[in-house]
Amino acid sequence: MSEAFLQLRNLKTHFPVERGLVFRRRVGTVKAVDGVSLAMAKGEILGLVGESGCGKSTLGRTVLHLVPPTEGVVVLAGRNLTQLGRDELREARADFQMIFQDPYASLNPRMTVFDALTEAMLAHRTIPAPELPARVSALLERVGLSPRCLKKYPHEFSGGQRQRIAIARALAVEPKLIIADEPVSALDVSIQSQIINLLFRLSREMGLTMIFISHDLSVVKHISDRIAVMYLGKIVELGSAADVVERPLHPYTKALVSAVPLPDPRRERQRQRVILPGDPPSPMNPPSGCPFHPRCPQSIEKCSQVVPAFETFRSNHEAACIRLKEIN
Amino acid sequence: MPLLQVENLRTYFHTRNGVVRAVNGVSFAIDKGETLGIVGESGSGKSVAGYSLLGLIPQPPGRIESGRAMFDGVDLLSCPRHALQKIRGKRISMIFQDPMTSLNPYLRIEDQLIEPLLIHDRIDRSVAMEMAMQMLKQVGIQDAATRIQCYPHEFSGGMRQRVMIAMALITRPDLLIADEPTTALDVTVQAQILELIKKMQNDLGMAVILISHDLGVVSGFCDRVLVMYAGRIMESAATDDLFYRPLHPYNQALQKSRPALQSKGAELYTIRGLPPDLSKPIAGCAFAPRCEHANDGCSLNEPELQELEPRHHTSCVRVQKGDLKLK
C-alpha cells in the first residue's frame, strides 16, 4: 500500500524506568508500543481496542509525536513526521489533532469557548480578526452547539457539551487526521450515543481519517471500518470491524469479545464465555515469545519460544498467532 | 417476608446551591438469595440509595428525609448507631467501585481481612487468620499464604477487587451491596469478577444488590432490575421482562441508545437533552422533557410506581392509562 494516507512502520515507544535521586540509574524499560506497523487509507476510521496498559493511548500519542518514538517511522500524506525538526513539526500539527478522554480536564477553565477555539485557529492559520466570530459560530453549529455559547466558560457546560467543544477545537484547524482517545468513556450512556453519532457524521462529511481508541468493543465496532486489537504493545489482530467482532481469529480477541456483557438476558444465558486467568502482565517484563501465551487457553510449548508474525487468514483479516490455522 | 424492604426512601443533600433531591421516594424489596440490579446514569441516585441503607451518607450535607428500610425486624434508617454497626459488615456487606482507593494502603491484606471478624465475632486472631486464608483461596488468589502478607499496592486492580470481595464476604453476610464492582476494571477482568461474585453467592446463599450503569452487566447477572432516573424508580421488573417488554419510555430509550455488538454503521438512537438539575423541583415526570412520547399531562402530576403486570412496575402515566403502547 504505497498510496496509504497514514503509514506506521515498526513503531516503538519505550520509556526508561529509573531509580535513585542523585545517581539515577536505569532499572528497566517499559515497552509501551513495541513494533507496530499499520497503513490507513484516507477517510478511514480505525478502531484501536485493548485493555488498560496495552499501549493504545501511547500509540495514539506517538503517531502525533506528542511522545517521540524510540524507533520506527510515521508517514502522513507522504511526509515523514519522524524526520521533521521542531518548527516543521509544529507546522505539520495543523494536519492532525487529538480529542482526549476527559472533557473536564482537557479544556482550560479560564478560557471562554471563543478563546479556546480561536487559539487553535490562530496558532496554525492566519485568519483576519473580523472573520473569526463567524468561523467560530459555524464550527459550533457543526458540532451541535448554539453560537450563543461563545462567551461561556467550560464549567457552564455538561460533560457531553464539553466534549463537543473539544471536538470543535480539534476541527478548528481543519485537520486531516484525528486521534480520539476514549472520547466517550467519561460520558453517560445516553450522552455517549450523541457523541458517537457526531464523530461518525463529521468524519464522513469532512473526509477525516480517524483513529478511535477505546476499551469498549461495542462502541468501536459501531463506528470503525477496521479494528486493530492491541495487547502488551503489539497489535495482535487487524481486520474489518465486522470480521474482528463476529469472527475473531486471535485467542485474545475471542476472549475479549466473549467478555463484553450484552444487554440481552437470553443471549447472556446461552453464550459460552472464555474467562481468561490472571491479569495482563507488566509491560516492563513481558513474557517471552507470544506476549499472550501465559493467559492463553490454547497455548502450547512453542508459544513461549517463538514471537508470532502477522499472518493473513482471509482477505483483510490478519492475526499474530502461530496456531492461527489450527484453531480457526 | 422479604429480606430487606425499603419504603419511600428520600435522601437529600443540603448544599449551598439548594437542596439536591438525590433519592426521591424509592421503594423496593429483595428476597433471600435474590439478585437485584439497580441501573441508572450518573446522578440517578442509585449509589446514594445503597449508601443510605448502611448509614454511609455524610451528614451533613446529606439527610435521610423519610423512609423505612426493614431488615430482619430492624429499621436500618432509624435504629441506633450500635444496632446498625452490628449489622453493617456482618449481615450486610458492601463492595465499592474503586479497589484502588477502598483498601487501606498502610495495612497488610491480612489485617484488613480479619478486621470484620475480630470486630463482630470476638474470635481468636489465629482462627481468624485461618478463615482469612480460606477466603482468599475461595476468591481465587493463588499462593494465599504469602500473598496475605502483602500490601495493597503489590496487587493489581483485579486482585484488589478480589480482596475487597473476600473482605466483604468473610462474615458470611445475608446481603451484599455491590456498587459498580467492575466499572474500574478491564472487560476480561470484569468477567472474572462477576463470575466470582456469582459463585460466592451460590456458595453462601446470600442476596446481592448490584448497582451498575451498564445494562449489559445486569442483564446476565440479575433476577430482577430497577431502573432509576433523577432519584426515582422508573421501572422495575424481572430481568427478561425489563429487556424484552419495557413499560417505560426511559428504559426503552436507554436500551436503544447502546451500540450493540450486532448492529453497525447506522445512526445510533439518542435521547435528546440532558438529565435534569436535581436541585430544582421537578414538576411531574422527571423524564418528560426528554421523552419522545410525553404530552402535556406528563408534567402535571408526580407519577407513582404502579404494578401493571405481575411483578412489573412502571411509573409512566401514559403507559399506566393504556394510551401508550411501547414498540
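How many residues of chain B are in contact with chain A? The contact involves 37 residues of chain B and 32 residues of chain A, where two residues are in contact if their C-beta atoms, placed from the backbone, lie within 7 Å.

A word on the source: this is a predicted model, in which local features need pLDDT of at least 70 and side-chain atom pairs count only at pLDDT 80 or more, while totals for chains, interfaces and linings use all residues. Residues are numbered from 1 along each chain as its sequence is written, and chains are lettered from A and ligands numbered from 1 in the order in which they are written.

On the side of chain B that touches chain A, two or more residues come from each of helices H6 (157–169), H7 (187–204), H8 (215–221), H9 (239–244) and H10 (249–256) of chain B. Helices (H or I, at least four residues) and strands (E, at least two) are DSSP runs, numbered from the N terminus. H7(B) gives the largest share, seven residues.

I turn now to the domains. Chain B is assigned domain 1 (4–229) and domain 2 (232–321), with bounds from an automatic or database domain assignment. Taken over C-alpha atoms, the centres of these two domains of chain B are 27 Å apart. Their contact takes 22 residues from domain 1 of chain B and 21 residues from domain 2 of chain B. On the domain 1 side, strand E2 (18–30), H8 and strand E9 (224–229) of chain B each give two or more residues, and E2(B) has the largest share, nine residues.
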